[in-house]
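Reader: I would like to go through this model with you, one topic at a time. Could you take my questions as they come?

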Amino acid sequence: MTKDLLNIGFTSFLMLVFGFAVFGALQFSRLAQFFPLYVSIAGTVCTAIYLVVLIIRYRKENASSSRAVVSIARPLRYMAWLLGYIAFIYLVGMLIATSLFLVAFLMFESKMPFIKTALSVAIVLIGISAASSLLGVYWPINLLGL
């Protein structure tokens with residue numbers, strides 16, 4: 001596959017994720033759905049616009065045959081990371097899933113040293129906790145009831 005086709009595929013995937021997030025946000029109570037709903041709608045619209053631009057650009061440049069062939073394994077690996085994170089949130093909850101996901105992703109994918117990884121995870125968890133407290137966001141109960 002070419003890099004352009006992989007970019008179109010990944011952008012389509014992100015648009016679907018944002019689209020499903022819209023329907024997920026509609027399940028929240030009326031006051032709690034404001035932020036996630038509008039962020040999801042904005043993400044869906046922006047990725048849809050970007051997808052249209054990519055498709056138009058791809059069709060215009062389709063005549064040139066000097067495209068580099070790229071392996072599909074790497075983008076699929078990142079999609080798997082994202083789907084795994086979403087599934088893990090559903091299973092164990094936002095804070096636990098975020099901390100474990102960040103540790104795994106930063107250590108395995110980016111080869112970040114443990115000290116920097118631990119510091120990054122701590123900063124993200126403090127930011128999420130502070131935002132939750134300041135905005136009054138209560139995370140939904142997950143599958144395990146945590």
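Reader: Where is the place of Lys111?
Author: Lys111 sits in the loop between helix 4 and helix 5. Helices here are DSSP runs of H or I with at least four residues, strands are runs of E with at least two, and both are numbered from the N terminus. The model is a predicted one: local features need pLDDT of at least 70, side-chain atom pairs count only at pLDDT 80 or more, and totals for chains, interfaces and linings use all residues. Residues are numbered from 1 along each chain as its sequence is written, and side-chain values use heavy atoms, with hydrogens and water left out.

Reader: What is the phi of Lys111?
Author: Lys111 has a positive phi of about 55 degrees, although this residue is not a glycine.

Reader: And is Lys111 buried or exposed?
Author: Lys111 is exposed, because its relative accessible area is 65%. Buried means under 20% relative accessible area, exposed means over 50%, and partly exposed is in between (1.4 Å probe, protein chains only).

Reader: Let us turn to another loop. Where does Gly93 lie?
Author: Gly93 is in the loop between helix 3 and helix 4. With 8% relative accessibility, Gly93 counts as buried.

Reader: Which residues does Gly93 touch, not counting those up to four places away in sequence?
Author: Gly93 touches Phe88 and Asn142 on that basis; contact means heavy atoms within 4.5 Å. From Gly93 to Phe108 there are 15 residues in sequence and 22 Å in space, C-alpha to C-alpha.

Reader: Now the packing. How do the axes of helix 1 and helix 3 cross?
Author: The axes of helix 1 (residues 3-25) and helix 3 (residues 73-92) cross at roughly 10 degrees and come within 11 Å. That angle makes helix 1 roughly parallel to helix 3. Angles under 35 degrees count as roughly parallel, over 145 as roughly antiparallel, 65 to 115 as roughly perpendicular and the rest as oblique. The axes are lines fitted to C-alpha atoms, for helices over the stretch in contact, and angles run from 0 to 180 degrees between N-to-C directions.

Reader: Which residues make that contact?
Author: Helix 1 contributes Leu6, Gly9, Phe10, Phe13, Leu14 and Val17, and helix 3 contributes Pro75, Met79, Leu82, Leu83 and Ile86. By class, the contact of helix 1 with helix 3 has 10 nonpolar residues, 1 polar and no charged. In this scheme Ala, Val, Leu, Ile, Met, Phe, Trp, Tyr, Cys and Pro count as nonpolar, Asp, Glu, Lys and Arg as charged, and the others, Gly among them, as polar.

Reader: How many aromatic pairs are there in the whole structure?
Author: A search finds 7 aromatic pairs. Rings of Phe, Tyr and Trp (its six-membered ring) pair if their centres lie within 6.5 Å; planes under 30 degrees apart count as stacked, over 60 as edge-to-face and the rest as tilted. The pair of Phe10 and Phe13 is tilted, because the ring centres are 6.2 Å apart and the planes are at 35 degrees.

Reader: What about the pair of Phe34 and Tyr38?
Author: Phe34 and Tyr38 are edge-to-face, with 5.0 Å centre to centre and 65 degrees between the planes. The two are 4 residues apart in helix 2 (residues 34-60), which means a separation of about one helical turn. Phe34 is exposed at 56%, and Tyr38 is partly exposed at 48%.

Reader: Which residues do ring pairs link into a cluster?
Author: The cluster consists of Tyr78, Trp81, Tyr85, Phe101 and Phe105.

Reader: Last topic: which residues form the largest nonpolar core?
Author: That core has 8 residues: Tyr85, Val92, Met94, Ala97, Phe101, Leu102, Val121 and Ile128. A nonpolar core is a set of buried Ala, Val, Leu, Ile, Met, Phe, Trp, Tyr and Cys residues joined through side-chain atoms within 4.5 Å.

Reader: Which element gives the most to this core?
Author: Helix 4 gives the most, with 4 residues. The elements giving two or more residues are helix 3, helix 4 (94-109) and helix 5 (114-135).
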